[in-house]
Amino acid sequence: MAITTTRSLSVTPVTRRSATPINPLRSSSLSYSLTRPFSSNLTLKVPSFRVSASSMSSIHAPESASRTSFLDRRESGFLHFVKYHGLGNDFILVDNRNSTEPRITPEQAEKLCDRNFGIGADGVIFAMPGVNGTDYTMRIFNSDGSEPEMCGNGVRCFARFIAELENLNGKQSFTVHTGAGLIVPEIQDDGKVKVDMGEPILKASDVPTSLSANKDQSVVKSELDVDGVKWNVTCVSMGNPHCVTFGTKEGQNLKVDKLNLAEIGPKFEHHSVFPARTNTG
């Protein structure tokens, strides 16, 4: 059973704290169809935000039930959103088609993405008006408030969100302006989304990385010292920088489950050889 979560967020500061016990309702999925609410409601009160949530499920409601999408409810002062995930990379999607500026700030996005006191997500994605002849613009605020150029899983969720907003059926494609350039996602007949990410950028200076190129201006299986450990890394950009490794210089039998990813991840991300930071795989 596919589950989607809908919440409304008040962007007006709330100064009063609530000591009411919170029912830990949390459900999300990459949803290929919006459905009607059938379950109980939940209200969370935390400093600076008020979040009210309702569970939604793909259980079919009677035909006589209202087919009005929750996205059509436009109460003043609330931020309506849908939450999707692509391969476990989860996002808060916001309909921002009436403005060229995001409806919330990077600081507010960071609070929304908090998995303990917010909605919980890897980032907030805004569906905005197109520019330079494109149909739409996609912008993303990461969970730390930073803004990446683009995200492959994110743009698939974005495309599915647009299909729901515009009530698109069957195979459809449209153009999306991103910080990484033009992206053209295609909705398939089965509702899945295909995205042509274009050719990978391998030239070291364009990734960008200051690691010395060792193969046709590219960094391929090069040595990178991270906190005293030497890793074999390959650098590539798909619109935003990526560092790919299959293991350390001492051996390729990498035991991922034994790594403290929360500790080592930021050391890759903020390494001095990546001036624009990096994603690490």
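**Exercise 1. Classify Gly152: buried, partly exposed or exposed?**

Solution. Start with the value: Gly152 has 25% relative accessibility. Next, apply the cut-offs: buried means under 20% relative accessible area, exposed over 50%, and partly exposed in between, with a 1.4 Å probe and protein chains only. Gly152 therefore counts as partly exposed. Now place the residue: Gly152 lies in helix α2. Helices (H or I, at least four residues) and strands (E, at least two) are DSSP runs, numbered from the N terminus. Last, a distance: Gly152 and Asp196 are 44 residues apart in sequence, with 9.5 Å between their C-alpha atoms.

The model is predicted: local features need pLDDT of at least 70, side-chain atom pairs count only at pLDDT 80 or more, and totals for chains, interfaces and linings use all residues. Residues are numbered from 1 along each chain as its sequence is written, and side-chain values use heavy atoms, without hydrogens and water.

**Exercise 2. List what Met138 contacts beyond four places in sequence.**

Solution. Contact means heavy atoms within 4.5 Å. Leave out neighbours within four places. The partners of Met138 are then Ile125, Phe126, Met150, Cys151, Gly154, Val155, Phe158, Val176, His177 and Thr178.

**Exercise 3. Describe the lining of the largest pocket.**

Solution. On a 1 Å grid over the protein atoms alone, a pocket is an open set of points where a 1.4 Å probe fits, with protein on both sides within 12 Å along at least five of seven lines. Lining residues have an atom within 4 Å of a point.

- Count: 37 residues line the pocket.
- Centre: His242, Glu269, Thr278, Asn279 and Thr280 lie nearest.
- Elements: β5, β7, α2, β14 (241-248), α3 (261-269) and β15 (279-280) each supply at least two residues.
- Top contributor: α3 gives the most, five residues.
- Domains: domain 1 (77-196) and domain 2 (204-280) each give at least three residues. These bounds come from an automatic or database domain assignment.
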